[in-house]
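Take a look at the sequence and the structure below. Then read on for a short tour.

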Amino acid sequence: MSAQERRKKRLDRSVKVRSEGLYSLSSWREMAYLLAPRLLLIGGLLAAPFVLDLYWQKVLCAAGIIAVLAMGFDFLAAYVGLVCLGGAMFIGFGGYAAGLLNAKLGLPPVLTIPLAAVIGACLSTVILMPCLRLRGVYFAIVTFMLPLFATHIIIALELFGSTEGITGLDILANHWWEQYVIVISLLAALFGLRRLVTEDVGLIMMGIKDNDQAVLAAGISIFRYRVLAVFIAALAGCFVGAYQAHLYGWLGLSLFAMDFSILPIAATVMGGMGTLSGPVIGALILTPLSEALRGFGQLRVVLYCLILLLFILYKPEGLMNYLERKYHQFERWEKV
Amino acid sequence: MAGDILLEVTELSKSFGGVHAVVNVGFTLSRGDVLGVIGPNGAGKTTLINLLTGFVKPDRGRVIYKNRDITGAAPNKIANLGLARTFQAMRPYHSLPAYKNLILPLNSPRIKKAAHGKLGDRDSVAIDILEEIGFERDARVPYKLAGSLPLGYQKKLELARCIALKPEIILCDEVFSGLSMAEITSMVPLLEKMVMQGVTLIMVEHRLRELFRVANRVLVMNFGCKIAEGPPLETMARDDVKAAYLGGGGSK
């Protein structure tokens, strides 16, 4: 190594450590400090099926679906700058694709879920392609309308069982499968996306969010990267859509329900935009909460909205950002 | 290599509605030239840059770059051919650290092709470029979020993003505007260094004294038209140029 390279290395490393670009893992304590929150989430999710009773196991599956959708929403909104309210579209496309493959061609869920994820994602991406030039609220409006559009096409042309839907799809083998499919795909999506946004591809996407003109001036096609981002989010969304169809053994118009567009946003607001893990935590709190409040009847929605309102007013940064900050403060706690 | 024609612009025109932003502007640029584009506010200088780099499609006229017609091509295609530009209103990728800002141009097809797909340690290449342009390597500046950098550094970052593309022509849109005298004096040597390394420059500028230290030719615009072109001091001495700047109506 030449003297110049040694100089660079000496200078860069110390500053990188101080600027938190690089962790120096010098002790078990520091490694535990970094790993503890991650292991808590992973361990908690993997252990949950053993602890919960049958009813709450179903709630866990529903929460997992919302969590994956919320992650996709957060990824598109905070890292690519596309506010996508198309959660219902992803669920619908994925669900219908899986259901039809299962009912018409008789493929087993092992094949239909991954196939439907890819088919649904391709379809969503192609449909959204002309809208990718739009930004901000315009893109949001288009994506919000598309599920309505799909619903009315299905009703008007009496496709795929029209308003009745198709019942009697194959369901997953047993309740262990049901839960571990969603838990493991949730964790894979979470850590996959977190890795993706720190890779060069993720940096380019964040660049597009910050300043798309400069990305063009850097010789990079913003359209290609937007397509890629939408495909990734749609893939995750359609996967859980297909999973949902096989979870309940049924497909119908309620797969295009607005809940799938709205709940992920609520989860993201609560969990914290731009954290990816925040939306997961938000979904894991909000979905069981809305189940627990079932006893209140219609008041449930009021309470639910109240909680969201309080979060927006008093903790707009979201749970995850708040907890992360506190965690780091705790680490540097000095008694004086 | 010096002397051969890099860029040939003929009869370039663009109107926005009824406003003729650029009218029949033509010039040629040879390798190693530094062309200053000057003129009063609203003369169409920035539109000219936008036309050359594809951000705005011209109504008429041709832009020939190295014997290749790039009129109206997509901005990213033009950048990949080696025409880099800075923006007048700097908007760095504010949520990325300064050195990560350079990862984007370093990932462009142009650089990938030049490196034969092997990009190596991009972070250290990025910091090398930043150090060259005046970011202290042993300080935290390159690692700070670009949005939190002071104006002078943001301007330099804007230039660094161009240099990272290894361009043949850099189009600078008012790199001196908004900077203090001290920052400007540290900027001029950077530009001189780039010229010595064989980069051709087109500079839109209002700070004439600093511009004339670098530029070997100026092109004066007013109301979208080219009114004069030539060596800086002679051109500025012309009556019509003085009139454009001082608004004398050409009567003196």
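## A pocket and its surroundings

The residues that line the second largest pocket divide into 16 nonpolar, four polar and five charged. The model shown is predicted. The second largest pocket holds about 700 Å³ of space. Its lining counts 25 residues, and the closest to the pocket centre are Asp259(A), Leu263(A), Thr287(A), Ser290(A) and Glu291(A). Five helices of chain A each give two or more residues to this lining: α3 (54–80), α10 (222–248), α11 (259–271), α12 (277–292) and α13 (299–314). Which element gives the largest share of the lining? That is α3(A), with six residues.

## Chain A as a whole

Chain A contains 14 helices and two strands. Its C-alpha atoms fill a box of roughly 75 × 50 × 40 Å along the principal axes. Does the radius of gyration of chain A agree or disagree with that of a compact globule? A compact globule of 336 residues would have a radius near 20 Å, and chain A has 22 Å, so the two agree.

Contacts tell more about the fold. Take the contacts in chain A with a separation of 6 or more: 77% of them join residues 24 or more positions apart. Of the 336 residues of chain A, 49% count as buried. The accessible surface of the chain comes to about 16,800 Å². Carbon and sulfur atoms account for 69% of that surface.

Now zoom in on one residue from each of two chains.

| Residue | Element | Relative accessible area |
|---|---|---|
| Met205(A) | helix α8 (residues 200–210) of chain A | 1% |
| Lys14(B) | strand β1 (residues 5–16) of chain B | 13% |

Why does Met205(A) count as buried? Its relative accessible area is 1%, and buried means under 20%. Leaving aside neighbours within four places in sequence, Met205(A) is in contact with Phe75(A), Tyr79(A), Val80(A), Tyr225(A), Leu228(A) and Ala229(A). Take Val80(A) from that list. Met205(A) and Val80(A) are 125 residues apart in sequence, yet 5.0 Å apart in space, C-alpha to C-alpha.

Is Lys14(B) buried or exposed? Lys14(B) is buried, because its relative accessible area is 13% and the cut-off for buried is under 20%. Its contacts, again leaving aside neighbours within four places, include Val19(B), His20(B), Ala21(B) and Val22(B). Thr47(B), Leu51(B), Val56(B), Lys57(B), Pro58(B) and Asp59(B) are in contact with Lys14(B) too.

Note on methods:
Residues numbered from 1 in each chain as written. Chains lettered and ligands numbered in written order. Predicted model: local features only at pLDDT ≥ 70, side-chain atom pairs only at ≥ 80, totals over all residues. Heavy atoms only, no water. 1 Å grid on protein atoms, 1.4 Å probe; cavity = no way out; pocket = protein on both sides within 12 Å on 5 of 7 lines; lining within 4 Å. Points joined across faces, edges and corners; volume = space filled by probe spheres on them. Helix = DSSP H or I, 4+ residues; strand = E, 2+ residues; numbered from the N terminus. Nonpolar A, V, L, I, M, F, W, Y, C, P; charged D, E, K, R; others polar. Rg over C-alpha atoms; globule rule 2.2 N^0.38 Å. Buried < 20%, exposed > 50% of the residue type's maximum accessible area, 1.4 Å probe, protein only. Contact = heavy atoms within 4.5 Å. Areas by Shrake-Rupley, 256 points an atom, 1.4 Å probe, with all protein chains shown as cover.
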